[in-house]
Amino acid sequence: MNGIERVSSTTCFGGQQQRFKHASSVLNCDMFFSVFVPPQVSQGERLPVLYWLSGLTCTDENFVTKAGAQRTAAELGIIIVAPDTSPRGKDVADDENYDLGQGAGFYLNATQPPWNKHYKMYDYIVEELPALIQANFHVKPKSAIAGHSMGGHGALVIGLSHMQQFTSISAFAPIVNPSNCPWGIKAFNTYLGDNQSNWEQYDACKMLKQQGSFLQIPIKIDQGLEDDFLQNQRLTRPFEEQAKKINYPAQISYFPGYDHSYFFIASYIDAHLRFHHQYLTKQ
């Protein structure tokens, strides 16, 4: 393989759940990512890709072991690529708190030292990782993006910034207004500095307001009403309010009884895959 090393491969629903390692020139460290390759690839088919961005404290392995997405991905013929959530390694800046440093990259390009040496997750997701996938897998040009919590923030921000690259966006319990919630304020101050004008490019609510009628990408968001972070981290609802203000038809649903965990994701991941499939296969 070109530029990547396969470290594991397991048969799953007729396809292969694989894990890879590579030296990232963008992040200046070794990185892991996981890929589910559906069985149609062995028959010579080129398939579309869904990029899944995970949340705080997660690695590339949380989604592939907990969400149960492989069955429907195999049925629909969707390759799922799950990157890690941050750069890692002994030389990579870190913090003792779970919501900063390794495991908490926030899918942005850090500008403040020492973080700016490694924390370029935005460029990694938009440029380096897709190039590796295109070079090493039997994929179509079309791709979609999805995520959970911090990863939902990443999916929204990256998808809204690159509507020619991604056909659709979905998220579970996303951080939608990081400029105005404890997780986001802490991360943005640390990674980007205290000039809040530099934060706006990574805030989905502000992007939605700025782009207005220029938006042309389908968005689906699911939110559990028993989510402990719904209120204090201002998940989902500010985005819904802004979408209504500009009359943008985002598909936003609330689910009684569900929390912030992967039990929620596993319950509704099939609907997200089918949502993306209709756009990934649209002529």
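This is a short tour of the structure, stop by stop, with something to select at each one.

**Before you start**

The model is predicted, so local features need pLDDT of at least 70 and side-chain atom pairs count only at pLDDT 80 or more, while totals for chains, interfaces and linings use all residues. Residues are numbered from 1 along each chain as its sequence is written, and side-chain values use heavy atoms, with hydrogens and water left out.

**Stop 1: strand β6**

Select residues 139-148, which form strand β6. Helices (H or I, at least four residues) and strands (E, at least two) are DSSP runs, numbered from the N terminus. Seven of the 10 residues in β6 are buried. Buried means under 20% relative accessible area, exposed over 50%, and partly exposed in between, with a 1.4 Å probe and protein chains only.

Two strands pair if DSSP finds at least two bridges between them. Pick out W52: its bridge partner in β6 is A146.

β6 and β7 run parallel and are joined by five bridges. Stay on A146, which stands opposite S170 in β7. Then trace the chain from β6 through helix α4 (residues 150-161) to β7: this β-α-β crossover is right-handed. The term applies if, with the strands pointing away from the viewer, the path from the first strand over the helix to the second runs clockwise.

**Stop 2: L50 in β4**

Select L50, found in strand β4. Is L50 buried or exposed? L50 is buried, with a relative accessible area of 3%. Show what surrounds L50, leaving aside neighbours within four places in sequence: its contacts (heavy atoms within 4.5 Å) include I78, I80, A144, A146 and L273. Then select H277. The C-alpha atoms of L50 and H277 are separated by 9.2 Å, although the two are 227 residues apart along the chain.

**Stop 3: the nonpolar cores**

A nonpolar core is a set of buried Ala, Val, Leu, Ile, Met, Phe, Trp, Tyr and Cys residues joined through side-chain atoms within 4.5 Å. The largest one has 71 residues. Select F106, I133, Y191, I219 and F239, which touch the most other members. Helix α3 (residues 121-136) gives the most to this core, with eight residues.

Zoom in on F106. Beyond its neighbours within four places in sequence, F106 is in contact with residues including L56, M150, W183, F188 and Y191. Apart from this core lies another, of 25 residues, among them C12, I78, A82 and I265.

**Stop 4: aromatic rings**

How many aromatic pairs does a search of the whole structure find? It finds 21. Rings of Phe, Tyr and Trp (its six-membered ring) pair if their centres lie within 6.5 Å; planes under 30 degrees apart count as stacked, over 60 as edge-to-face and the rest as tilted.

Select F172 and F264. Their ring centres are 5.5 Å apart and their planes lie at 90 degrees, so the pair is edge-to-face. F172 sits in strand β7 and F264 in helix α8 (residues 262-280), 92 residues apart. F172 is buried, at 0% relative accessible area. F264 counts as buried too, at 1%.

Move on to F255 and Y268. Here the ring centres are 4.1 Å apart and the planes at 40 degrees, so the pair is tilted. F255 lies in strand β9 (residues 251-255) and Y268 in helix α8, 13 residues apart. F255 is buried, with a relative accessible area of 16%, whereas Y268 counts as partly exposed at 22%.

**Stop 5: two polar residues**

S179 is buried, with a relative accessible area of 11%. Its side chain joins that of D203 through a polar contact of 2.8 Å. Such a contact is a pair of N or O atoms within 3.5 Å; within protein, one must be able to donate a hydrogen and the other to accept it, and residues adjacent in sequence count only if both atoms are side-chain atoms.

Finish at N62, in helix α1 (residues 61-66). N62 is buried, at 17% relative accessible area. A polar atom of its side chain lies 2.8 Å from the backbone nitrogen of T59. Not counting residues up to four places away in sequence, N62 touches A67 and Y262.
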